[in-house]
Amino acid sequence: QVQLVDSGGALVQPGGSLRLSCAASGSIFRVYNMGWYRQAPANQPELVARISSGGSTNYADSVKGRFTISRDNAKNTVHLQMNSLKPEETAVYYCNAGVASDYDLLRYDYWGQGTQVTVSS
């Protein structure tokens, strides 16, 4: 069994910063891509940022230059540093990871439970 637990969401003022964290745990053989998605009310989920096991990153155009994704392969964690936050970025942020368990070595997508980010004055 593999679990992702994400955390770090909060209420922050426009222009403020937050750091989201996500940890994968359980019977893990290998963790592949890790990333963050967000979903605002009435909107479709959108990819915010993604990082490969080798450290290659890609970002949504709207967050480039303000958000930074990083990971610690030894700890199976991924972080999202968010700076200069905007009210329209209010959403539930979800951690996502491709993980092969040591049970069957097959790769599956896993999701965190979501963490609320609210950007408001």
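Leu105 is partly exposed, with a relative accessible area of 48%. Here buried means under 20% relative accessible area, exposed means over 50%, and partly exposed lies in between, using a 1.4 Å probe and protein chains only. Leu105 is found in the loop between β9 and β10 (107-111). Although Leu105 is not a glycine, its phi is positive, at about 65°.

Asn76 likewise has a positive phi, of about 55°, and is not a glycine. This residue sits in the loop between β7 (67-72) and β8 (77-82). Asn76 is buried, with a relative accessible area of 19%.

## Basis of the description

This is a predicted model, in which local features need pLDDT of at least 70 and side-chain atom pairs count only at pLDDT 80 or more, while totals for chains, interfaces and linings use all residues. Residues are numbered from 1 along each chain as its sequence is written, and side-chain values use heavy atoms, with hydrogens and water left out.

## Overall architecture

The protein has zero helices and 11 strands. Both kinds of element are DSSP runs numbered from the N terminus: helices are H or I runs of at least four residues, and strands are E runs of at least two. From the N terminus on, the order of elements is β-β-β-β-β-β-β-β-β-β-β.

For 121 residues, a compact globule would have a radius of gyration near 14 Å, and the value of 14 Å for the protein agrees with this. The radius is taken over C-alpha atoms, and the globule rule is 2.2 Å times the number of residues to the power 0.38. Along the principal axes, the C-alpha atoms fill a box of roughly 45 × 25 × 25 Å.

## Interior, surface and charge

Of the 121 residues in the protein, 41% are buried. Among contacts between residues at least 6 apart in sequence, 57% join residues at least 24 apart; a contact means heavy atoms within 4.5 Å.

The protein exposes about 6400 Å², and carbon and sulfur atoms supply 47% of this area. Accessible areas come from the Shrake-Rupley method with a 1.4 Å probe, and for residues only the protein chains shown count as cover. The mean positions of the 10 positive and 9 negative charges are 6 Å apart. Lys and Arg count as positive and Asp and Glu as negative, whereas His and the chain ends are not counted. Each charge is placed at NZ of Lys, CZ of Arg, CG of Asp or CD of Glu.

## The disulfide

A disulfide is a covalent bond between the sulfur atoms of two cysteines. The bond joins Cys22 to Cys95, with an S to S distance of 2.1 Å. The pair links distant parts of the chain, 73 residues apart: Cys22 lies in strand β3 (residues 18-26) and Cys95 in strand β9 (residues 91-101).

Both Cys22 and Cys95 are buried. The torsion about their S-S bond is about -75°, so the disulfide is left-handed.

## Residues within strands

Ser21 also belongs to strand β3. Leaving aside neighbours within four places in sequence, Ser21 is in contact with Val5, Asp6, Ser7, Trp36, Val78 and His79. The C-alpha atoms of Ser21 and Thr77 are separated by 7.1 Å, while these residues are 56 residues apart along the chain.

Asp109 lies in strand β10. With the neighbours within four places set aside, Asp109 is in contact with Asn96, Ala97 and Gly98. Gln116 lies in strand β11 (residues 115-119) and, at 39% relative accessibility, counts as partly exposed. Not counting residues up to four places away in sequence, Gln116 touches Gly9, Ala10, Thr90, Ala91 and Val92.

## Residues within loops

Ser52 is found in the loop between β5 (46-51) and β6 (57-59). At 17% relative accessibility, Ser52 counts as buried. Apart from neighbours within four places in sequence, Ser52 is in contact with Asn33 and Arg71.

Glu88 is found in the loop between β8 and β9. Glu88 is exposed, with a relative accessible area of 61%. The C-alpha atoms of Glu88 and Ser120 are separated by 9.2 Å, and the two residues are 32 residues apart along the chain.

Key:
Disulfide = S-S within 2.5 Å.
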